[in-house]
Every structure is written in C-alpha cells, then in structure tokens.
Amino acid sequence: MAKTLVAYFSASGVTERVARKVAEATGADLYRIEPAEPYTAADLDWRDKGSRSSVEMNDPSGRPAIAGGVADMASYDTVFVGFPVWWYVEPRIVDTFLDAYDFAGKTMIPFATSGGSGISGAEKSLAEHCPSATWKPGRLLNSGDIAAWAAAQV
C-alpha cells in the first residue's frame, strides 16, 4: 500500500494550515521541517539585507540546520513538499531537507504559499536538487479547494 508524506516548512503558520489540509485530504503523514534555531520576526524581515532569511537566500549553497528528521523516509512513495515562496524559490531549509534523503523513484509534489510570487522558480530549483525523483507540477495554494487539488494528486 502506497504511503504519502506531507513535509512542509512554515515560518508564520500560513503554509502549516495548508499542509494540514493537504494531509487530511490525502490521508498522509505530516512532517514539519523545523529549523534547529527557530526564526525570529527579525530573522524573517526580508527588507533587511542583513536579516537571517536574507543572508540565507543570498547563499544558494546555504543549508540551515533542521531539528529532527523523518523516521522512515524509505517507506513513503509520495512526498508533498510545502513551503512559502522566498525570493522566487523555496527557502534554503527546504533544500536542507531535500539533501538529507534519497528521493530516487519517489513522486514529489510541491505546493507553496506566496504573497505575490509564483511557484515556477521553485519547481525548477526543486527538480535540480532531486533529479532522480518524479516531480509533478506544483501549485500555489493560497486559496481555492485545497482538499480537491490534493486528493487528485495521489
């Protein structure tokens, strides 16, 4: 029987609400990608070029540490990957997550929340990080019938 995981990073709770809806609609397990050092409001101030998030996003090789991990990634066939769009791509902590596991042969489905950016830059970046995975088209899930979209993916 196929197993599904919804792995997500949420800085402010918006993506977390969406991830919970996706997991509920698909019967998936839920895993929160949590930074080893939690982000503060000052860390997330994208207008400040010296803020933690700005510094991380300006370094494509940066990999913020994650607290904890997925107990048995090998048991999952499908992985939804959720995140807010930062600087037109996924946050670097999502890259840390992707680098931590072997996704070869798994079906990967990105979803994102955003105040104005699209998901296409993130889709390209994600596929570059995990070229041996099968990537389905991603979707911004700011509104609409999240449950129907998610259920149609698995």
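## The largest pocket

The largest pocket holds about 460 Å³ of space. This is a predicted model. In total, 17 residues line the pocket. Nearest its centre lie Leu44, Trp46, Val85, Trp86 and Trp87.

What classes of residue make up the lining? There are 9 nonpolar and 8 polar residues. No charged residues take part in the lining.

## Strand S6 and its cover

Strand S6 spans residues 107-113. Is S6 mostly buried or exposed? Of its 7 residues, 6 are buried, where buried means under 20% relative accessible area.

As background, side chains in a regular strand alternate between the two faces of the sheet.

## From S5 to S6

Strand S5 covers residues 78-84. S5 and S6 run parallel and are joined by 7 bridges. Within this pairing, Val79 sits opposite Met108 of S6.

How does the chain get from S5 to S6? The path passes through helix H3, residues 92-99. This β-α-β crossover is right-handed.

Strand S7 consists of residues 134-135. It pairs with S6 in the parallel sense, over 2 bridges. Here Met108 stands opposite Trp135 of S7.

Strand S8 takes in residues 139-140. S6 and S8 run parallel too, with 2 bridges between them. Ala112 is the residue opposite Leu140 in S8.

Definitions and conventions. Residues numbered from 1 in each chain as written. Predicted model: local features only at pLDDT ≥ 70, side-chain atom pairs only at ≥ 80, totals over all residues. Heavy atoms only, no water. Buried < 20%, exposed > 50% of the residue type's maximum accessible area, 1.4 Å probe, protein only. Helix = DSSP H or I, 4+ residues; strand = E, 2+ residues; numbered from the N terminus. Pairing = 2+ DSSP bridges. Right-handed = clockwise from strand over helix to strand, strands pointing away. 1 Å grid on protein atoms, 1.4 Å probe; cavity = no way out; pocket = protein on both sides within 12 Å on 5 of 7 lines; lining within 4 Å. Points joined across faces, edges and corners; volume = space filled by probe spheres on them. Nonpolar A, V, L, I, M, F, W, Y, C, P; charged D, E, K, R; others polar.
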